[in-house]
Amino acid sequence: RECLSERTLSRGGMGAPLRSTRHRPPAGSTNPVAYAHGVPDSLFVSYAQNGEDVVLWRALGNVADGRYVEVGANDPSDMSVTRAFYDAGWSGITIEPVPAFAQAHRAVRPRDTLVEAAITDADVETVTLHEIPGTGLSTLVDAVSATHEGNGWEHRDIEVAARRLDE
């Protein structure tokens, strides 16, 4: 048998294939596909909305016991940039002002340190968060909230703790 393998990684945004190769299994092999560089023992599962975790894993996947800081962590699994790293043994600081998402982080990701607050550059104790429940669309910005509302997203305003990153 013969297996065609083509990688279509983008080169400078041109989308041209970097290589296309044909592999034949070694004579007498029971494996229908032979790979030039081996196959990982496990597959990488992406949780992020746009594959950001895949890009980061390609760069950082060989780091053992890594650390991360995720501002606006939202759900601890759904559309999470750090979930795959957590599953690989990493841990870090997750920052999330939405109470339901913060509670989910405490339950699902106990190795992480959760900061339940909104990040701002203002020296204030609390801020108004325009929460759009169950989404990653909550915001501190009034104009963004108004746009979301104009697009049919209902929100509720809640007061949440505020922190600066330089504290």
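## The parallel sheet

Strand 4 (residues 91-95) and strand 5 form a parallel pair over three bridges; strands count as paired if DSSP finds at least two bridges between them. This is a predicted model, in which local features need pLDDT of at least 70, side-chain atom pairs count only at pLDDT 80 or more, and totals for chains, interfaces and linings use all residues. Residues are numbered from 1 along each chain as its sequence is written, and side-chain values use heavy atoms, with hydrogens and water left out. Helices (H or I, at least four residues) and strands (E, at least two) are DSSP runs numbered from the N terminus.

The pair belongs to an open sheet of three strands, ordered 3-4-5, with parallel pairing. Strand 3 (67-71) and strand 5 (113-115) are the edge strands, each pairing on one side only. On average, neighbouring strands of this sheet are turned by 10° against each other, direction ignored; the axes are lines fitted to C-alpha atoms, and angles between N-to-C directions run from 0 to 180 degrees. Strand 3 runs parallel to strand 4 and is joined to strand 4 by five bridges. Tyr68 stands opposite Gly92 in strand 4, while Ile93 stands opposite Thr113 in strand 5.

Thr94 is found in strand 4. Its relative accessibility is 0%, so Thr94 counts as buried; the classes are buried under 20% relative accessible area, exposed over 50% and partly exposed in between, with a 1.4 Å probe and protein chains only. Leaving out residues up to four places away in sequence, Thr94 touches Tyr68, Glu70, Ala73, His105, Arg109, Asp112, Thr113, Leu114 and Val115, where contact means heavy atoms within 4.5 Å.

Two of these contacts, Tyr68 and Glu70, make up the covered face of strand 3. The uncovered face of strand 3 consists of Arg67, Val69 and Val71.

## Helix 3

Helix 3 (residues 99-108) has the buried residues Phe101, Ala102 and His105. They lie on the same side of helix 3, because they cover an arc of only 100° around the axis; the arc is that of the directions from the helix axis to the C-beta atoms. An α-helix has 3.6 residues a turn, so residues three or four places apart point the same way.

Strand 4 and strand 5 are included in what covers the buried residues of helix 3. One of these buried residues, His105, is also among the contacts of Thr94. On the face of helix 3 turned away from its buried side are the exposed residues Ala100, Gln103 and Ala107.

## The nonpolar core and the mixed sheet

The largest nonpolar core has eight residues: Val98, Phe101, Ala118, Val127, Leu129, Ile158, Val160 and Ala162. Such a core is a set of buried Ala, Val, Leu, Ile, Met, Phe, Trp, Tyr and Cys residues joined through side-chain atoms within 4.5 Å. Strand 7 (126-131) and strand 8 (156-163) are the elements that give two or more residues to this core. Strand 8 supplies the largest share, three residues. Phe101, a core member, is also one of the buried residues of helix 3.

A second open sheet has three strands in the order 6-8-7, with mixed pairing. Strand 6 (118-119) and strand 7 stand at its edges with a single partner strand each, so one side of each has no neighbour in the sheet. Strand 6 and strand 8 run parallel and are joined by two bridges. Ala118 stands opposite Ala162 in strand 8. Not counting residues up to four places away in sequence, the contacts of Ala118 are Pro97, Val127, Leu140, Val160, Ala161, Ala162 and Arg163.

## Two positive phi angles

Asp65 is not a glycine but has a positive phi of about 55°. Asp65 lies in the loop between helix 1 (52-60) and strand 3, and is exposed, with a relative accessible area of 57%.

Met79, also a residue other than glycine, has a positive phi near 60°. Met79 is found in the loop between strand 3 and helix 2 (83-87). At 45% relative accessibility, Met79 counts as partly exposed.

## The whole chain

The chain holds four helices and eight strands. From the N terminus on, the elements run β-β-α-β-α-β-α-β-β-β-α-β. Among contacts between residues at least 6 apart in sequence, 50% join residues at least 24 apart.

Of the 167 residues, 27% count as buried. The chain exposes about 11000 Å², with 52% of it supplied by carbon and sulfur atoms; accessible areas come from the Shrake-Rupley method with a 1.4 Å probe, and for residues only the protein chains shown count as cover.
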